[in-house]
Amino acid sequence: FHLKDQKQNNQHVPMGTGDTDAPAILKDAVDSGWQGPCVVEPHLTHSDAVIATGVHGTGDVSLSNLSAAESFHIAVEAARQLLNSVGAECTQQA
């Protein structure tokens, strides 16, 4: 899974806080026995590297004063919390 979430206004937000069905989709996957990798998309703020990918939508304006590293940490923690809430076992790898 590539984890990213957004609001209806196309603003990228931490996992589980958007207007998508991400929580239900992940819960269904876990309940069906899925065990696999997850990748957190770094789109909460738009660094030069993210902009170079041709990203659509906007960064999370509430996080715009944070560094890319700080906003990515928020993204990872939100994803971890969401995965834990649906019963997924999370392990960290760098």
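The model is predicted, so local features need pLDDT of at least 70 and side-chain atom pairs count only at pLDDT 80 or more, while totals for chains, interfaces and linings use all residues. Residues are numbered from 1 along each chain as its sequence is written, and side-chain values use heavy atoms, with hydrogens and water left out.

Elements to begin with. The chain has three helices and four strands, in the order β-β-β-α-β-α-α from the N terminus. Here helices (H or I, at least four residues) and strands (E, at least two) are DSSP runs, numbered from the N terminus.

Next, the interior. Of 94 residues, 31% count as buried, meaning under 20% relative accessible area with a 1.4 Å probe, protein chains only; exposed is over 50%, and partly exposed is in between.

The largest nonpolar core has 14 residues. Such a core is a set of buried Ala, Val, Leu, Ile, Met, Phe, Trp, Tyr and Cys residues joined through side-chain atoms within 4.5 Å. Helix 1 (22–31) and helix 3 (68–85) each give two or more residues to this core, and helix 3 gives the most, with four.

Now the rings. Phe 1 and Trp 34 pair edge-to-face, 4.9 Å centre to centre with 85 degrees between the planes. Rings of Phe, Tyr and Trp (its six-membered ring) pair if their centres lie within 6.5 Å; planes under 30 degrees apart are stacked, over 60 edge-to-face, the rest tilted. Phe 1 is partly exposed, at 36% relative accessible area, and Trp 34 is partly exposed at 26%.
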